[in-house]
Amino acid sequence: MKMHFCIPVSQQRPDALGGRYVLYSVYLDGYLFCRVRYSQLHRWNEQLRRVFGNSLPPFPPKYYLAMTASMADERRDQLEQYLQKVTMDPNMLRSDVFIDFLKLVQLVVSHKIGLCQELLGYFGLFLIRFRKEGKLSVMKKLADFELPYVSLRSAGMENCKVGLRKWYMDPSLDSMLMDCTAAVDLIHMQALQDIEQEWAKPTQAQRQKLEALQKEDNQTKFLELSQEVRHYGYLQLDPCTCDYPEPGCGAVLSVGNDEISCCITLPDNQTQEIIFQMSRVKCWKVTFLGTLLDVDGPQRTLNQNLELRFQYSEDSRWQWFVIYTKQAFLLSSSLKKMISEKTVKLAAENPEMQIEVPEQGKSKKCHIQQSQKESSRFPPRKSKIEIAKADCVFGTIKEEDL
């Protein structure tokens, strides 16, 4: 897929030494992507050239004398052609050097919203589809190496956007974010959205208290009370089908807090609530069953037909449960996240304890027992994590440069 870059405008800015430099506004498919200097793009080109050699298009040469207006306009045009030619090569689009270009812009955006660097790992980018009547669906978690823009366009779905959500399944981990105002704002907005979407299910009394705290603009107390709300911090999947207690039953899955909560609709339209504890899940696997030609809006699209089956200990015997959902990979990622968080938590509580994390499709050699919550209050973070400054092909980009 071709990505259309253009540099329609540039502007001069004063530098710290009293001189001036040119800042180029790079647009991607008609929208402002970033603003960069020639020197930053030049360093990026040098790294690309070390990987791809002479297959790269020529880069505009340096000027060692002051540029005239016509020379500046010519360089802008040359840089635009360079970006357009680079993005025509799919190998370059997938390269680490090119991906780092987008990662840097994403990192600077995190600074613009005030999110602490050590907390970036608690959040992730997701493909989110907005449906009728305000309903939304989280379609997938973008991997760290994915290009958000490319993934969004490749999804080929209407009303789909890239959204920022917290990426942890243990609600008690909210406590790690309470010292950062931007992080509190983000998880508070998500809590409001999850309640509005009926993913989190407060009682009537809890809803009244939450509404009162919202009017008081007391985000901390709001999030403390949210910890007591059923399915707070869970990820709810779209309605799907399963084979329990019999094939063809409808199901709505909510995943979080070390469990899979299923609301199953039986053939007689009665509902049944079933909870699968992760401590009793032995393994799981995702299977691609083929494709179904489906109608999605005005276009006909080829949709995936997936299943996730997991082996579960019930009544002292192992049994397979099958879930048919297009969000099977998102569900699998959520299960792995819960296992990982439980492992880290147990390792911190028992430093000498060795735990082997189960992998998708493999058995785990020890069962992780669920620990009881001590309190819903938020303790402050005990320590700050120092992040080393990584080498960056763009050097230092200031907030005003974006």
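Is arginine 309 buried or partly exposed, and what is its relative accessible area? In this predicted model, arginine 309 is partly exposed, with a relative accessible area of 25%. Its side chain meets that of glutamate 307 in a salt bridge, at 2.9 Å from N to O. Glutamate 307 is buried, at 6%.

Side chains of opposite charge can pair when their charged atoms come close. The count here comes to eight salt bridges. One of them joins lysine 166 and aspartate 174, at 3.3 Å from N to O. Lysine 166 counts as buried, at 6% relative accessibility. Aspartate 174 is buried too, at 0%. Another salt bridge links lysine 221 and glutamate 224, at 3.9 Å. These two are three residues apart in helix α8, so about one helical turn separates them. Lysine 221 is partly exposed, at 37%. Glutamate 224 is buried, at 12%.

Now turn to the sheet. Three strands form an open, antiparallel sheet in the order β5-β4-β6. The edge strands, β5 (136-141) and β6 (160-166), each pair on one side only. Neighbouring strands are turned by 40 degrees against each other on average, direction ignored. Five bridges join β4 (residues 123-130) to β5. Phenylalanine 126 stands opposite lysine 141 in β5. Helix α6 (residues 181-196) lies across β4, β5 and β6, at about 115 degrees to β6.

Helix α2 comes last. It has 18 residues, 69-86, and should span 26 Å at 1.5 Å a residue. Its end C-alpha atoms are 26 Å apart, which agrees. Its buried residues include Ala72, Arg75, Leu79 and Val86. Seen down the axis of α2, the buried residues fall within an arc of 160 degrees, so they line one face of the helix.

Note on methods: Residues are numbered from 1 along each chain as its sequence is written. This is a predicted model: local features need pLDDT of at least 70, side-chain atom pairs count only at pLDDT 80 or more; totals for chains, interfaces and linings use all residues. Side-chain values use heavy atoms; hydrogens and water are left out. Helices (H or I, at least four residues) and strands (E, at least two) are DSSP runs, numbered from the N terminus. The expected span of a helix is 1.5 Å times one less than its number of residues. Buried means under 20% relative accessible area, exposed over 50%, partly exposed in between (1.4 Å probe, protein chains only). The arc is that of the directions from the helix axis to the C-beta atoms. Two strands pair if DSSP finds at least two bridges between them. Axes are lines fitted to C-alpha atoms, for helices over the stretch in contact, and angles run from 0 to 180 degrees between N-to-C directions. Contact means heavy atoms within 4.5 Å. A salt bridge is a side-chain nitrogen of Lys or Arg within 4 Å of a carboxyl oxygen of Asp or Glu.
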